[in-house]
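Please open the model in your viewer and have the selection tool ready.

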Amino acid sequence: MKKKVVLAMLVMCLALSAAACGNENGTASSQTDAADNSAQDEEAEAGGGAEDTEENSGDAEKQSEGTRLVSVKDVSEYVTIGEYKGLTLDNVVQPVSDDDVELEISYQLQDSSQEVKDGTLAQGDTATVNFTATINGESFEGSAEEDYEFVVGESGLAEGFDEGLTGMKKGETRELNITFPSDYYDDNVAGQTAVYEVTLQKFTRSPELTDDWVAANTEVKTVDEYRQLVRTQLEQNADELARIDLYDSAWTMVVDTSEVMEYPKEDLEAAVQAYKELNEAYIEEAGMDMNAFLESQGITEEEYEEECTRYAEAKVQQNLIVQGIMDQENLSLEDQETQELQGSLVQQYGVADINELIEFYGQQEVNESLALLRVEKFIVDNAVIDEKVGGGDTLAENEDAYTEDEAYDTGMEGDTADDYVDAGSDEMPLEEDMALEEDMALEEDMAVE
């Protein structure tokens, strides 16, 4: 059964920290609380009564306890947390090959492609075509496309299609006779000959890799230096992806060995409501009503309610575990290390500052992300890390994986585990290039069985 949009939005929420995305009614921000307290203090100084003073005292006491992710004070009554210190984890870094470097360079050259107006189409050019095709005068599935863009030699269409277009000029129309192989996946066209009429709308060509191009378009001067730069970047990416897996594995091990005995009613209801509000926002944006939405997902109302509950339980489970570890280890959202993690969120999401994240997701969701980062870093910092390359060969002993200041060393210069932003779930790690766009959950077509 397909539950595309529901689960796509669930993944988006888990990517921030299994939080209720878009819930503006969660725990008030510490900044707002501080502002309120400041205003109350000014009133008291201006002559506020004893009642105001008592209220201020209560607020100050609440603030001193620190921001919490759950409504309950004693988390141990609700969850048994698995072992989270002394775990043995593998940090598996995939090696970068020469082929990887050349492929990345080809992509970067393609990004610098320029339209060719007077020349003829060649292998490796990026073409935009319109085409129609028929077999015995009849069209078939996939037999017509407009503004179809592809790299010549990599179109994925019938064999002979790309080769038949080479030498064409912009605006030219050419007829191709393409015979499909007898074992073609589509039985309706297998072994038959199709007549394609193709018009070349335009095409672009990548520049040649020369020292002149490198000097004009990169921070280095020569092709050799450029290749080394690309290799270094790919190795840094490999380190980052390995670290994503490392943090995800660490969190998964803790979650898998933890057990929720009871979900706090207040937290569960709030999470269900927040998830429904997120879906309702999607439904409104899509111009549908609830019945049309459920029909589009192929689920019943009962199944939808179950999905909302599963989401809420995942969120609350995470918050209980995170809060429990923070309580046991005297960690808080107000300590300096957690505050420094804000930069990780800001950098990962490509926003100007933390306030932009708060405005979009709400303070509660950002708090949950920061708390999860804090706890995951604590777990990794207290784990035994086996450095490995792709294929399982050991690279280093655990003591070599730490720097003098006890920060986890990924091999990326100037980089620490603080820079990592995790998905907050064992469901799916945060994608490296995940952008903070308002409609990202609405346009994502994630088919999850």
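The stops below cover a helix pair and then several salt bridges.

This is a predicted model, in which local features need pLDDT of at least 70, side-chain atom pairs count only at pLDDT 80 or more, and totals for chains, interfaces and linings use all residues. Residues are numbered from 1 along each chain as its sequence is written, and side-chain values use heavy atoms, with hydrogens and water left out.

Select residues 354-361, helix 13, and residues 363-381, helix 14. Helices here are DSSP runs of H or I with at least four residues, strands are E runs with at least two, and both are numbered from the N terminus. The two axes come within 7 Å and cross at roughly 120 degrees; axes are lines fitted to C-alpha atoms over the stretch in contact, and angles run from 0 to 180 degrees between N-to-C directions. Show Ile 354, Leu 357, Ile 358 and Tyr 361 of helix 13 with Gln 363, Glu 365 and Val 366 of helix 14, which make the contact (heavy atoms within 4.5 Å).

Next, turn to the salt bridges, of which the structure holds 16 (a side-chain nitrogen of Lys or Arg within 4 Å of a carboxyl oxygen of Asp or Glu). Select Lys 388 and Asp 90, whose closest N and O atoms are 3.3 Å apart. Lys 388 is in strand 9 and Asp 90 in strand 2, 298 residues apart.

Move to Glu 368 and Lys 315, with closest N and O atoms 3.9 Å apart. Glu 368 sits in helix 14 and Lys 315 in helix 10. Both residues are buried (under 20% relative accessible area, with exposed over 50% and partly exposed in between, using a 1.4 Å probe and protein chains only).

Finish at Asp 335, Glu 337, Arg 374, Lys 377 and Asp 381, linked in a salt-bridge network.
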